[in-house]
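Walk through this structure with me.

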Amino acid sequence: MPEPLEYDFISVGGGAAGYFGAIAYAEASPGSRVAILEKSGEVLNKVKISGGGRCNVTHDCFDPKALTTRYPRGEKNLIGPFHRWGAEDTVDWFTAHGVELKTESDGRMFPTTDQSRTVIRCLSRSAEDLGVETLLQSEVEKLSSVESGWELLMANGDVMKSRAVLLATGGTRNRAGVKLAGELGHELITAAPSLFTFKISDSVLGGLSGLSVDEVEVSVVDTKLKAQGPCLITHWGLSGPGVLKLSAWGARDLAELDYRFEIVVNWCAGSERAEIEGVLQKMREQSPKRRVKTGAGDISLPLRLWQRLVERAGIEEETTWTNLAKSERLALMNCLCACRLKVQGKSMNKDEFVTAGGVSLKEVNFKTMESRIAPGLYFAGEVLDIDGITGGFNFQAAWTTSRIAGESAAGI
């Protein structure tokens with residue numbers, strides 16, 4: 001049997017965290033032997049598809065404390081790490097490595113090329129220039145602590161050795177990283193989907209796929225869950241940043257409800273209720289003969305959505321503003337500001353899927369990202385019980401935790 005291949009540092013997982021951790025170690029310890037092990041035939045797949053193929057690298061929230069508030073799980077633990085490596089450090093690193101980033105109106109940051117392959121090329125080239133080996137079709141079956149560090153038994157029967165190991169296998173749906181961590185005695189927090197859209201079958205939304213509203217507020221009935229942001233009507237229900245944000249904060253609660261619950265949608269979240277009432281009264285006074293169904297100028301909703309809400313309020317096709325009864329006006333107000341819809345499941349892109357759950361945070365030293373119960377073993381990214389809302393926050397957690405893990409393993 002051939003002698004095991006020996007390394008100074010091995011990243012298990014060829015995603016964003018695995019790559020950045022390996023790069024961090026190699027930058028901190030020139031000449032070291034570093035490898036990235038990827039069980040599939042392709043690396044950085046999530047980077048490739050994220051942000052619609054543009055890769056939402058990070059967010060322009062450069063204050064560490066404010067940045068932590070974007071994480072339903074991991075907020076307190078990330079304060080120290082974000083002071084050490086925050087969003088601004090990520091921007092500086094990518095800029096120094098030839099990737100210019102731009103900031104969009106909602107704070108999301110993308111490469112100016114609007115192509116995720118720009119980020120993939122940067123990470124791949126940086127790893128290659130540092131002598132990092134990337135090994136595909138390399139699945140780790142078992143991790144064992146040995147005197148010199150770690151022994152890795154591969155699925156094909158080969159054995160590798162490394163002084164330090166980084167587990168960066170992604171979300172717990174993959175099971176690979178958490179399985180290895182669990183076998184070493186780590187507590188594992190049960191996985192639950194974190195970013196998902198709502199399946200809704202309701203006549204208000206039917207046939208309106210593709211319409212968007214700039215600012216809505218969505219709350220879950222009989223809970224304290226509430227979120228605000230842009231909303232997109234899809235052929236299966238509701239999506240967009242506002243809904244995704246709510247799904248992240250409510251990940252565990254909504255799982256317990258088996259994704260069947262009622263929501264209240266305020267389609268006019270950018271305005272106070274009194275303002276909306278004022279607009280309706282103004283229409284009655286200034287456009288008395290105009291049909292209600294043709295819209296209310298100062299309420300900026302897509303016309304087809306407005307018409308559906310008018311129908312839901314029980315207002316007839318030919319009703320004019322002057323003929324609008326008080327009861328109908330109140331019904332329309334409720335449809336605009338408190339539209340009730342029943343959610344009957346979730347939907348998600350299986351590749352962009354983010355999970356809550358993973359290795360318990362109490363078993364990780366966040367100054368180094370090293371396991372508290374298995375010295376020489378480090379964690380980064382979604383294998384931890386950390387997840388952020390949509391907007392580049394999950395990638396930022398990956399860059400931060402992997403950077404710290406790589407540098408700490410190298411002795412910095």
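A search of the whole structure turns up one cavity of 30 Å³ or more. A cavity here is a set of points, on a 1 Å grid over the protein atoms alone, where a 1.4 Å probe fits but cannot get out. The largest cavity has a volume of about 60 Å³, where volume is the space filled by probe spheres set on the points, and points are joined across faces, edges and corners.

This is a predicted model: local features need pLDDT of at least 70, side-chain atom pairs count only at pLDDT 80 or more, and totals for chains, interfaces and linings use all residues. Residues are numbered from 1 along each chain as its sequence is written, and side-chain values use heavy atoms, leaving out hydrogens and water.

Which residues line the largest cavity? Among them are Tyr71, Glu382, Asp387, Asn394, Ala397, Ala398 and Thr401; lining residues have an atom within 4 Å of a point.

Next, helix 13, which covers residues 393-409. Helices are DSSP runs (H or I, at least four residues), numbered from the N terminus. Helix 13 has 17 residues and reaches 24 Å from first C-alpha to last. Is helix 13 buried or exposed? Of its 17 residues, 17 are buried (under 20% relative accessible area, 1.4 Å probe, protein chains only). Gly411 follows helix 13, with a positive phi near 95 degrees.

Last, the strands, which are DSSP runs (E, at least two residues). Strand 7 (residues 140-146) and strand 8 (residues 149-154) run antiparallel, joined by six bridges. A hairpin connects strand 7 to strand 8 through two residues. Ser144 stands opposite Glu151 in strand 8.

Key: On a 1 Å grid over the protein atoms alone, a cavity is a set of points where a 1.4 Å probe fits but cannot get out, and a pocket is an open set with protein on both sides within 12 Å along at least five of seven lines; lining residues have an atom within 4 Å of a point. The expected span of a helix is 1.5 Å times one less than its number of residues. Buried means under 20% relative accessible area, exposed over 50%, partly exposed in between (1.4 Å probe, protein chains only). Two strands pair if DSSP finds at least two bridges between them.
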